[in-house]
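Hello,

Here is the structure for you to look over. My notes follow below it.

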Amino acid sequence: MRNAKASESIKEFTAKIEHATSEEQKITIIRNFPVPNTKEDILEFMILASTNIVNSANDNTTEAWQAKIEQTY
């Protein structure tokens, strides 16, 4: 938004998700990842989560993303 680089915690989170070998691992990573604590990081995290809800083909993964959005809110 302000031409800033992505947060390190968001980068770490997306790297973990990309390297997960199964849907169960992805769900565990999503559910257990700590929510960022700065305004910009929270906003970026919520945008990431909402985008993944739309793109998710698995109902359990969608549920995990929705739970993480509620936790972030």
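Residues 24 or more positions apart make up 62% of the protein chain's contacts (heavy atoms within 4.5 Å) with a separation of 6 or more.

This is a predicted model: local features need pLDDT of at least 70, side-chain atom pairs count only at pLDDT 80 or more, and totals for chains, interfaces and linings use all residues. Numbering runs from 1 along each chain as its sequence is written, and side-chain values use heavy atoms, with hydrogens and water left out.

The protein chain has four helices and zero strands. Helices are DSSP runs of H or I, at least four residues, and strands are runs of E, at least two, numbered from the N terminus.

Of the 73 residues, 27% are buried. Buried means under 20% relative accessible area and exposed means over 50%, with a 1.4 Å probe and protein chains only.

Now the core. The largest nonpolar core holds 13 residues, and Phe 13, Ile 17, Ile 29, Ile 30, Phe 45 and Trp 65 have the most contacts inside it. Such a core is a set of buried Ala, Val, Leu, Ile, Met, Phe, Trp, Tyr and Cys residues joined through side-chain atoms within 4.5 Å. H1 (8–19), H2 (23–32), H3 (39–55) and H4 (59–72) each supply at least two of its residues. Leaving out residues up to four places away in sequence, Trp 65 touches Phe 13, Ile 30, Ala 49, Asn 52 and Ile 53.

Last, H4. Its buried residues are Thr 61, Thr 62, Ala 64, Trp 65, Lys 68, Ile 69 and Thr 72. On the other side of H4, Asp 59 and Glu 70 are exposed.

Best wishes
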